[in-house]
Amino acid sequence: MYGNATTQTRLHSETADGISWARYAAPSAAEQSHTQPLSDALLRATFEELASPTPLHATLQRVRLMQQQQQQQRSSVIIVVVGRSRRMAVEDHHAELRALETEYGGASVRADVRKTVGDVGTAFVMAGIDTNLLVMQASGTGTQLD
């Protein structure tokens, strides 16, 4: 059972997201005191933040562009990391998902797909984008971020 989604738990979730982003995705992350394999992996990865009033559309467009660049350069693997949980989500993607469904000719996705891969993952399925999706969801109630 989930606890009540209060303002405090939402702030905890946003804070944890921000700390994780700073620890692993910030430009200086590879220089921090990580293990050598993790530092090496972070040096080979590219992390991006997109700000948009239509985040699902912007993400789909960005991944399509990356795929075109990848085909031209014959390099790198694209892995899109998405979160699955909507419980403490700040944004609601329902309206944008409905718009995507209309754009892709009524490409309706079953409810169990949405529950399994979350809203952002569902957008990729609806759009038919062939990419690697890594769907993550935190479990437990621990506060340690190691």
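Predicted model: local features only at pLDDT ≥ 70, side-chain atom pairs only at ≥ 80, totals over all residues.
Contact here means that heavy atoms lie within 4.5 Å of one another.

Helix α4 spans residues 94–103, and its buried residues are Glu96, Leu97 and Leu100. These residues cover an arc of only 100° around the axis, which puts them on the same side of α4. An α-helix has 3.6 residues a turn, so residues three or four places apart point the same way. The face turned away from this buried side carries the exposed residues Arg98 and Thr102. The cover over the buried residues of α4 includes α3 (55–73) and α5 (111–127). After α4 comes Gly105, whose phi is positive, near 65°.

In soluble globular proteins, nonpolar side chains tend to be buried together. The largest nonpolar core in this model has 14 residues, and Leu60, Val80, Leu97, Leu100, Ala123, Phe124 and Ile129 have the most contacts inside it. At least two residues of this core come from each of α3, β1 (79–83), α4 and α5. Helix α5 supplies the largest share, 4 residues. Ala123 illustrates the packing: apart from neighbours within four places in sequence, Ala123 is in contact with Leu56, Leu60, Leu97 and Leu100.

Gln67 lies in helix α3. Its relative accessible area is 17%, and because buried means under 20%, Gln67 counts as buried. Leaving aside neighbours within four places in sequence, Gln67 is in contact with Ile78, Ile129, Asp130 and Thr131.

Methods
Residues numbered from 1 in each chain as written. Heavy atoms only, no water. Buried < 20%, exposed > 50% of the residue type's maximum accessible area, 1.4 Å probe, protein only. Arc of directions from axis to C-beta. Core = buried A, V, L, I, M, F, W, Y, C linked by side-chain atoms within 4.5 Å.
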